[in-house]
Amino acid sequence: MVRRRPFAAFALALLVLVIVTCVAAPLVAPYPPDKTNLLSSLQGPSLSHLAGTDKLGRDTFSRLLYGGRLTLLYAAIVSGVALLTAVPLGLISGYRGGPVDRAIMSVNDIGLALPVLVVVLVVLSVFSEYLVIAMAALGLLLAPPMLRTVRGAALAVRRELFVDAAVVAGLSRPQIVFRHILPRVRGPVLVQSAIVAALAVQFTVGLSFLGFVANPPEASWGSIIAEGAQVLSKSSWMLLFGGGITAVVVLCLGIVGDALRDIAVGSWTRESTAASRRRRGRRRVAAEPPAPAPRPASSAALLAVRGLSIAFGEDEDLLVARDVNFTIEPGQAVGLVGESGCGKTSVARSIIRLLSGDGRVVAGQIEFDGRDVLGLSGADLASYRGGSVGYVAQMPMAALDPTVRVGPQIEEVLRAHESISRAEARERTIELLAKVRLPKPAEVARLYPHEISGGMAQRVSIARAVAAKPRLLIADEPTTALDVTLQAAILDLLRNLGRELGMAILLVSHDLGVVSELCDRAMVMYAGEIVEQGPVDDLLFAPAHPYTEALAACRPSSTTVRDRPLLVIPGQVPAPGDWPRHCHFADRCSHRTEQCVQRPVPIEPVGKGRESRCVYATEMLREGTREKARA
Amino acid sequence: MPSPLLEIDDLSVDFRTRRRTVRAVAGLSLRIELGETLGLVGESGSGKTTTGRAVLGLTEATGGRIVFDGRDITHAGHKQRRIWADQIRAVFQDPFASLNPARRIADSLLEGVTGSRLTPADARARMAQLLDRVSLPAATADRYPTALSGGQCQRLAIARALMSSPRLVICDEPVSGLDVSVQAQVLNLLRELQRESSLSFLFIGHDLDVVRYMSDRIAVLYRGQIVEEGPAEVVATRPSHPYTQALVAATPEIGVRSRPHPRLGPERLGDAAEEATAGCPYVERCPLAIDVCRTETPALRPGEAGDRVACHLHPEHPNVNTNIQGQESK
């Protein structure tokens, strides 16, 4: 904590120092708190009186320490009562919901409506002998806002799957609340605790300023401030020290509360960032050889990606894609296949210049219809996005603005790319919605995104993506979130739209089956590299890379023998930064030999229109044909 | 005949919102024998997840009975349920969301056996054994879920489900969120574990190929009702109900591009389970619907291959089907 948050560590140290010295006042204080010395009244700070003296010549420093004992004790009672009331009740209210929630919240709302100071003054005047009761009452009055916050946080996590899992595991309700809900909401609880503690200090000081807490000659911070205010015309030291220590404690509580929240929440996120930092460090040692010079693309290509490398993070060399080369001809449907973490989405998003976070292209070129995409900016970039290239994202619901009706979301795209009137745009929108085969398009245009189903939302986002008649549509896992029946319908739609509009499609998917339904050609990506590309049928029936072969084999099909285990690719995709220097797939490959782990494997042509990044590509092809001949 | 491990009889579940009541499950009956896997297929909104949740006691049943091992658990309260909770466990769809991110993995695994016969030392030993069984390093126990990949989290969720040696595991789309390659690892693991300890699975999914591979029998759900039920091989490869046929046609098959497209009617606006109407639940999207389909709800009737089908056209309709295909090709 000291190194990561020096300021918070200092605040904590200060807070602990104040508390410890106050508690240990009888041992630490240089004078008894009520030792008067009329000869040295109202002195300024000096060596013998560190904080000066008061009207009766009592040492202010000692009185601050003794007064701190009283003030902090009562503040602790107030915040303790507030916390013990608000946290359990808030958790129970949020977790249980229903009548329990309604009952607790009704009482809480009444509590919120009470004027705190007035009620406390009434209680104080009734129980003037029992200050503790008044302080407990104050604690109860400070609880409602905190209760509300804790309830809100608990309410948000009560429907999480892990809570269901705990119910299924047979945990009792208190166990669920205190083991699962409380740790999950400890961030807001800690912040609220700090706020309540600070409020408690302020209220205690305020009440003792009014003369309620300390009975003279007893000292408290509030009474010191009050006395200081009386003698302000003669000396301002008492007011300064009394107010100063209150301010310091309140400030420190706020800073420490925030830091504790960060640390508490960080305990379950820090691990992954530490791991990625470690990877980055290792990465610098084993740098990849420089990417080979980009090859010229065929002139007929609509999109040409040459030597593309994409990096994330602050370090230049945390590559997520390396030396990616491919072209898409006009009107062609091309698939980009691979497991998650292989870099396919990064490649797709770089084409439309939408790399998320700190991702950026570090090498290579992207050319669209002869234009340099990476050099586009301003209005050119805006008209390129949507006008030349459309984009359909995986989560249809997340891609639509929930606060805007469906129709206007498409109209705005039309009007951004063409100068047409509002009425024309509305008309064209309805045509588009009909084109993506939505029933009752005029009605759909008036609905909000939450009023339509996931499949319909995906149709709407496709309609929006093709609104400005782009020549290339990038569809990033467009069907992964959908049911099979909807998936088939959406693929159908994409195929027809492509044909109708003469539009090329880049389909990103982890499922070779999906790609094979729509695409003519496909690229297979593994750990940042294209490992094979060619006509889809060739990839499926005569793969020239073991990864392609394995991807096709591990999916159960209607002919899979049910008694045999499925083929698996052992292990998992290495994270960016953990890629080996040799063949990236070697560690999981069933064909691996010595030759695979010696040097990087280049991607090379194998047969007509095909490329493979495997030293055994030609042998795989030959064996494949032999097997087919036998069959 | 021995009584089945799980028997669901005429189960209904209603969700009440402010304006209307939505019937998510409508009179569903099914049974799972010891050591058997029953696959439950359907699209989202068909009530398959709700059925699983009703068995787990996470959703209150409106009508019908759920009997587990001879014991009526339909309306068992939280406290009662805890007594036999170690016998029914679940693996959920989202592996990240089903593990508490704020707790160490060991805490998540061990809590499932608190209160059982296992001593803390035995529980730790079982955890170590299960982590090894699902191919995760023992050190995983001291980490937080965020440090793991989706596939690892799902294997962990499986390990957690098995901590108490349950007899029934509800698998709610356990591989839908995973990559194809990782799916195979998890599916294999589930089958091996089943063979080792004679587990029963209720396997919920929307991918017919995956469900067929995992299941002994399959029940197809549409708008809260079973439209077809029978041996996995029959339902998945020679389906009789038009909806199951559409499902089979929609499942992507590697290398099969020019297949007949599912003849599904248009999607309806809003929630699929919204209005409960008379007649067949599938009538609005069914290409073969005749008048009687709109007025009468078909009952499940036995077919020739050991399956049961809820369709007015059954068993004649395979012929109707070929006729239509013939017309189309002309």
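## Terms and overview

Helices are DSSP runs of H or I with at least four residues, numbered from the N terminus. The model described here is predicted. Its structure contains nine cavities of 30 Å³ or more.

## The second largest cavity

Chain A contributes A:Val167, A:Val168, A:Gly170 and A:Leu171 to the lining, while chain B contributes B:Val55, B:Leu56, B:His78, B:Arg81, B:Arg82, B:Trp84, B:Ala85 and B:Ile88. Two or more lining residues come from each of helix 7 (161-168) of chain A, helix 1 (48-56) of chain B and helix 2 (78-84) of chain B.

Helix 2 of chain B gives the most to this lining, with four residues. By class, the residues around the second largest cavity comprise eight nonpolar, two polar and two charged.

## The largest cavity

In the largest cavity there is about 370 Å³ of space. Its lining consists of 28 residues; those nearest the centre are A:Asp511, B:Ser176, B:Gln183, B:His206 and B:Asp207. The classes represented in the lining of the largest cavity are 13 nonpolar, nine polar and six charged residues.

Elements of chain A and chain B take part in this lining. From chain A, helix 20 (484-501) and strand 8 (504-509) each supply at least two residues. From chain B, helix 6 (180-197), strand 8 (200-205) and helix 7 (208-214) likewise each supply at least two. Strand 8 of chain B accounts for the largest share, three residues.

Methods. Residues are numbered from 1 along each chain as its sequence is written. Chains are lettered from A and ligands numbered from 1 in the order in which they are written. This is a predicted model: local features need pLDDT of at least 70, side-chain atom pairs count only at pLDDT 80 or more; totals for chains, interfaces and linings use all residues. Side-chain values use heavy atoms; hydrogens and water are left out. On a 1 Å grid over the protein atoms alone, a cavity is a set of points where a 1.4 Å probe fits but cannot get out, and a pocket is an open set with protein on both sides within 12 Å along at least five of seven lines; lining residues have an atom within 4 Å of a point. Grid points are joined across faces, edges and corners, and a volume is the space filled by probe spheres set on the points. Ala, Val, Leu, Ile, Met, Phe, Trp, Tyr, Cys and Pro count as nonpolar, Asp, Glu, Lys and Arg as charged, and the others, Gly among them, as polar.
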